[in-house]
Structure formats: C-alpha cells, structure tokens
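Please examine the sequence and the structure shown below before reading on.

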Amino acid sequence: MAAVTIYWYGPERPASRRCLVRCAALFAGEPLAGAEERWPVQESEKGKPFFPLSPETHCSVTHSGDYWLGAFSSEPIGIDLQIHKPGRLAALSRRFFHPEEDRYLQAFGFSDFYRVWAAKESFVKFSGEGISGNFGRFSVAGPQGILSRVDGLQLRFVPFRCDYTLCVCTKEISSVQLVPGK
Amino acid sequence: MLEIIQKIIFEVTGKNEVTIDTDFVRDLELNSFDVMNIVCAFEDYFDTTIPTRDVWKLHQVRDVIEYARQRGIEE
C-alpha cells in the first residue's frame, strides 16, 4: 500500500528541478538548505526523474496551467494534472485515444475528456514509458465510464482546483495528501 | 515553414516568442496535452499524419522543420 504525498506550487515557483529537490527534502523530513546537494536528480531515457542516491524514493511530476505538482511515495508512482481549456478534444480523442475511450467520450459529449487524459498519462508515467506509441493501445474507459484499475494498477482522481483534473496511478493507494511546496 | 509553425503554436497555446531554437518543454513549458494539440493542428494544416512514436522525438522547432523536410511536407 502506497501513501502518496503530492506537493504543489503555484505560478510563483522555482524552476522545475529546484521544486523537485525541495519536495524530496520535505518528503524525507529534511531541511531545505543543501537539498540540491543531497538530492541529485537524474532522468530516465524517457524523461522520468529519479534520485540515484535514494532509489527507494519514487516521484512523478506534472505541470499544467498555473501549477507544478510532484508526487512522492515509497512505491513507483505516476501523476498527471490537466487544466481544462479549449482544444481539439474530439480530434485528440480520435487521434490518440483507444477506440473504447473514444466511443465512451463521444457518447457523453467529451465531458470526461480530461479525466481520460489524466488517467492515461498518470498510467504511462507510472511505468516511466511516457506518451509514446503505446498511448492509444490501452484503455482507461469502458462502456460504463472510467476504470478504477488498469493492468493491476489503481487510478485515483484527487480533487485539486476548479477547472483542473488530477489523477494518481500506483499499485495500491493507501492515502493521498496534498501539501503546499515551500 | 518557421512562420507556419509559429502561427500554429500561437493559435494553440498563445505563445509567440518562438524561434528555430525554441524547445517546446524547456522554453515554452508546454505539457503533453499542448504538444498533442499542436500536432493535431499541424496535421490538419498539412493534411498529414505524424506517427505518435515520432512526436516525442520532436523537441525543438528545428526538429519539426527537419522532420517536415525529410518527409516532403511543404508549405
């Protein structure tokens, strides 16, 4: 069971890398001073950040609109935040989503578009694969709506701000805590 | 080609400080949704399809221009 802590920053924030190491220090209960030296960050080939000196600390980052979020846990994790804004939703759904997801969204007027997107992206961020050729090959939706589990992984939507959708993906979530970053 | 890409990015994201060296994520802070929207607009404009696996190789504006040139996508 994974306890998940999500740190968030608003528009006035440090650069993404700096946010990440500060959050890592907060997650470890350490002072922020010297965090950059204690928490060097590397990225996988597909761009997922990790901490080579602390492989038991897992993280996933996302940014959208005015917000940057970093999720931390002792288990591998994926997170995605999406601001709701105009876009070619029908075209994006047809072009990049699984046919099952596209059918579901068409049936309900695309009102769940951002939930599908955030669920899918949190799923591919869990594995570290990121959005690639695989994005349209799995479905997070069935005829009755969005699934709470895909391939043994749990998808949980977390209330954040109005006009934003936030989804967390991990094996089994015990708790989710939202904490302002410092 | 650069002007068309600038126009598409502005229409989709409202960002207008775009040069050939601009990196979509580092400089414009675009996320995946923004990039996919740009891809859809680009595909509509040029009546073409960019395989999803190729999308994530296009980090900078110059990559898109080179990609278009290699595939014979013209203005």
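Two strands pair if DSSP finds at least two bridges between them. Helices (H or I, at least four residues) and strands (E, at least two) are DSSP runs, numbered from the N terminus. This is a predicted model, in which local features need pLDDT of at least 70, side-chain atom pairs count only at pLDDT 80 or more, and totals for chains, interfaces and linings use all residues. Residues are numbered from 1 along each chain as its sequence is written, while chains are lettered from A and ligands numbered from 1 in the order in which they are written.

In chain A, strand 1 (residues 2-9) and strand 5 (residues 67-73) run antiparallel and are joined by five bridges; A:Y7 stands opposite A:G70 of strand 5. Both strands belong to an open, mixed sheet of four strands in chain A.

A second open sheet of chain A also has four strands, with antiparallel pairing. Strand 6 (78-83) and strand 9 (149-150) of chain A each have a single partner strand, so one side of each is left without a neighbour in the sheet. Within this sheet, four bridges connect strand 10 (residues 153-157) and strand 11 (residues 164-170) of chain A.

Turning to the chains together, 10 residues of chain B are in contact (C-beta atoms, placed from the backbone, within 7 Å) with 17 residues of chain A. Helix 2 of chain B gives the largest share of its side of this contact, five residues.

Notes
Contact = placed C-beta atoms within 7 Å.
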